[in-house]
Amino acid sequence: MESVIRAAQAAKGAKHKMASLSTQQKNDILVAMGNGLLEQSGNILAENARDVELAREKGRTETLIDRLTLTQERIEAMAQGLFDIAGLTDPVGEVLHGEKRPNGLLVKKVRVPMGVIGIIYEARPNVTADAAGLCLKAGNAVVLKGSSEAMNSNIAVTDAMVQAGQAAGLPQGAVSLVRDASREAAAYLMTLNEYVDVLIPRGGAGLIKTVVENATLPVIETGTGNCHIYVDKSADFDMAAEITVNAKVSRPSVCNAAESLLVHADIAGEFLPKAFALLQEKGVELRGDEVAQQYGAKPAAEEDYYTEYLDYIMSVKVVDGLDDAIAHINQYSTGHSEAIITNDYTSAKRFQNEVDSAAVYVNASTRYTDGFEFGFGAEIGISTQKLHARGPMGLPELTTVKYIIDGDGQVRW
């Protein structure tokens with residue numbers, strides 16, 4: 001566990017220096033890190049090719065390989081992400097509330113960095129850059145623990161960023177990568193309360209469950225995405241079909257892709273053949289109830305309705321109406337993103353009010369659950385918990401608060 005403790009100690013040693021950096025200093029570091037990725041893109045691609053080759057040899061799924069694979073375009077997007085983070089408003093120092101008390105004390109509630117943030121994530125090398133950039137802009141040091149599948153890529157990305165960032169003033173240890181691919185290393189990181197202030201898991205249900213159940217330090221739970229599309233009886237069929245196909249197939253391997261389709265019983269006979277034809281044309285395997293099976297779906301097991309497939313598979317259920325749809329979603333959903341397609345205002349508002357998820361849409365694809373799409377820039381993940389952060393987690397969610405009190409001799413007896 002030497003690699004883990006070294007990374008954590010280095011980050012703790014850097015956190016106070018990070019907290020003291022000005023906005024301009026942080027922005028200069030982020031721009032330098034982005035340029036470092038571009039300058040080292042050849043080496044990053046070569047190391048990533050090693051990871052992809054090993055993943056194929058191990059028989060990994062195409063969706064995992066898609067998440068793992070870097071291209072020149074994706075590296076440029078990673079660099080642009082860092083440039084964009086540099087352009088975001090710095091949350092550190094924001095006064096959330098200020099009040100002068102009757103006794104003369106001036107009490108202010110101010111945003112401050114969390115300190116050291118640990119990120120445990122799966123086979124997405126782009127997370128290495130995104131997580132580092134967001135944590136740094138919010139004034140934090142970061143400990144990164146990627147998966148074994150992306151180890152070569154993560155090392156190359158981290159080294160490129162750190163080398164360039166330190167030349168621009170990045171404190172030593174502020175971005176630390178655990179260079180131990182074992183699960184034991186991840187488990188050890190989850191217990192380092194002395195060094196790490198908060199832990200954020202990014203990945204599938206298994207990873208998140210493991211972190212939540214085994215960590216001894218605070219965890220912000222980012223969500224798996226068993227996202228639903230409910231097509232109400234008043235829906236425009238063309239709109240509903242287009243949204244369903246987009247939500248499922250535009251990028252099936254991400255957490256805001258739709259995994260379940262619910263259809264009102266009154267329109268099932270007309271809508272399902274249309275939707276199924278479009279989905280199957282895109283290679284989607286449909287697993288449904290008895291009614292859905294009449295139109296070409298395979299039989300669905302109970303577990304299908306709980307599953308985040310991250311693949312070209314979709315569960316289907318015909319429901320009696322809005323009440324049935326809401327109850328189904330609240331039972332099976334992971335609390336990420338849900339959508340209703342309807343022309344009924346009352347149904348739309350009831351759906352948004354009663355569905356207990358972080359993002360609830362009317363007549364739009366769940367694929368929009370994203371920090372950039374919501375207009376506040378990059379995100380560290382989508383939180384499905386209800387404490388501190390929920391939904392896309394941007395820079396403010398990577399801070400905590402401190403109370404700053406100014407007096408002129410007040411005492412309390």
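Predicted model: local features only at pLDDT ≥ 70, side-chain atom pairs only at ≥ 80, totals over all residues.
Visitor: What makes Cys 227 count as buried, and what is Cys 255 called?

Guide: Buried means under 20% relative accessible area, and Cys 227 has 0%, so it counts as buried. Exposed takes over 50%, with partly exposed in between. Cys 255, at 24%, therefore counts as partly exposed.

Visitor: Which residues of helix α9 are buried, and how do you know that they are on the same side?

Guide: In α9 (residues 205-214), they're Leu 207, Ile 208 and Val 211. They cover an arc of only 95 degrees around the axis, so they lie on the same side of α9. What covers them includes β3 (116-121) and β6 (198-202). On the face turned away from that buried side you'll find the exposed residues Gly 206, Lys 209 and Glu 213.

Visitor: How do α10 and α11 cross, and what is the handedness?

Guide: The axes of α10 (residues 237-249) and α11 (residues 268-281) come within 10 Å and cross at roughly 35 degrees. The crossing is right-handed. Among the residues that meet there are Phe 237 and Val 245 in α10, and Phe 271 and Leu 278 in α11. By class, this contact has 7 nonpolar, 1 polar and 4 charged residues.

Methods:
Residues numbered from 1 in each chain as written. Heavy atoms only, no water. Axes fitted to C-alpha atoms, helices over the stretch in contact; angles between N-to-C directions. Helix = DSSP H or I, 4+ residues; strand = E, 2+ residues; numbered from the N terminus. Left-handed = near helix turned anticlockwise from the far one by under 90°. Contact = heavy atoms within 4.5 Å. Nonpolar A, V, L, I, M, F, W, Y, C, P; charged D, E, K, R; others polar. Buried < 20%, exposed > 50% of the residue type's maximum accessible area, 1.4 Å probe, protein only. Arc of directions from axis to C-beta.
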